[in-house]
Amino acid sequence: MTGNHKDKSITRRRALAVTGGTVAAGGLAVAGYQAAFADTATTTAEEATTASASASESSGCMTLMSSVTEGPYYLDGALVRKGITEGKSGVPLTLRLTVVDATDGCTPVKGAAVEIWHCDAWGYYSGYTTANPGGSAPAESEDGSTADDDTYLRGYQIANANGVVKFETIFPGWYTPRTCHIHLKVHTGGQKEDGTYEGGKVNYTGQLFFDDTIAEEIFTLEPYSKHSGSYTTLDDDMVYDGGGASSGLLTLEAVHKKDPSKGYKGFLTVAVDPDAENTGAGSGGGGGTPPGDAPSGAPGDAPSGTPSASASS
């Protein structure tokens, strides 16, 4: 495989990162999606168990010290929905996040709106489908899906009484110069309106990360394997600071241990301060210069001539 080698030319700088609390087609059998995305009835007791397990996996509740930048590919108006793939192909990922109040004994934050967005299997973001992901990848339009190019792999979920949200998505791909990741914001004080989330404020902006061994195995599968090049591992990433769960590293559970194409479940506890505000806009961090051209209309922190705007994109 050519897509899993470290790019030694990438500067190993770190963007402003988390110093405390945690923040998450071809060749894939239909059964894999059904196994990972099965929407069975979830009881209050089961949700409480999930919340407890997530807290344990994160070594308890930690105090959030700072957020990271939202990056250049954020878009307003994401839909409130559990399933965000819109037909995009990839290894299924069921993401369960538990939002707790780090200032109040890690009590669940009922009603918090958790927003996520990430790239597809070839490194493309909705809204920015012409941005070159680096290496060699097919054009985004060649994936054969019916996904809306402005909305795929973006969404909100509202936390239940146990602070738990669940998303059904796919394992993200990668793009130069970043490791595999998912962007995340936690909002409070707003409400669902016209299918999206309006008002309130952003309490936390962060990123979720994946174990290198699992990511590199997945990237040998279709459709990921069609994107070749120099994949950036966690050690060489410009945002991930090596802190494990406290830096956003997900706990991953395989749906089928011997067949990664069946999918994964990811867990993490997100400890926030509901009184704080951090949108991530304009937050720091320089970094390597990716190849290609930035899409027109890219946010202001996207340097001219680059598809992935900054080290913390």
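A charge sits over a ring if NZ of Lys or CZ of Arg is within 6 Å of the ring centre and within 35 degrees of the ring normal. Select Lys88 and Tyr152 to see a case: the charged end of Lys88 lies over the Tyr152 ring, 4.2 Å from its centre.

The model is predicted; local features need pLDDT of at least 70, side-chain atom pairs count only at pLDDT 80 or more, and totals for chains, interfaces and linings use all residues. Residues are numbered from 1 along each chain as its sequence is written, and side-chain values use heavy atoms, with hydrogens and water left out.

**Stop 1: Lys88 and its partners**

Lys88 is in the loop between α2 and β1 and Asp120 in the loop between β3 (113-117) and β4 (154-158), so the bridge ties together parts 32 residues apart in sequence. Helices (H or I, at least four residues) and strands (E, at least two) are DSSP runs, numbered from the N terminus. Both Lys88 and Asp120 are buried, that is, under 20% relative accessible area, where exposed is over 50% and partly exposed in between (1.4 Å probe, protein chains only).

**Stop 2: Lys185**

Lys185 and Glu70 meet in a salt bridge of 2.9 Å, N to O. This pair connects strand β6 with the loop between α2 (44-57) and β1 (92-101), across 115 residues. Lys185 has 1% relative accessibility and counts as buried; Glu70 is buried too, at 15%. The charged end of Lys185 also sits over the ring of Tyr74, 4.9 Å from its centre.

**Stop 3: Asp237 and Arg178**

Another salt bridge joins Asp237 and Arg178, at 2.8 Å, N to O. Asp237 is in the loop between α3 and β8 and Arg178 in the loop between β5 and β6, 59 residues apart. Asp237 and Arg178 are buried. How many salt bridges does a search of the whole structure find? It finds seven.

**Stop 4: the strands**

Strands pair if DSSP finds at least two bridges between them. β3 and β6 run antiparallel and are joined by five bridges, with Ile116 opposite Leu184 in β6. β6 also pairs with β7 (residues 196-209), antiparallel, over twelve bridges; here Gly190 stands opposite Gly199 in β7. Zoom in on Asp194 in the β6-β7 hairpin, which has two residues between the strands: Asp194 takes a positive phi near 55°.

**Stop 5: the aromatic cluster**

Rings of Phe, Tyr and Trp (its six-membered ring) pair if their centres lie within 6.5 Å; planes under 30 degrees apart count as stacked, over 60 as edge-to-face and the rest as tilted. The count is 13 aromatic pairs. Select Phe171 and Phe219: their ring centres are 6.3 Å apart and their planes at 80°, so this pair is edge-to-face. Phe171 and Phe219 are both buried. Tyr231 has a relative accessible area of 0% and is buried. To finish, select Phe171, Trp174, Phe210, Phe219, Tyr224, Tyr231 and Tyr264, which form one aromatic cluster.

Key
Salt bridge = Lys/Arg side-chain N within 4 Å of Asp/Glu carboxyl O.
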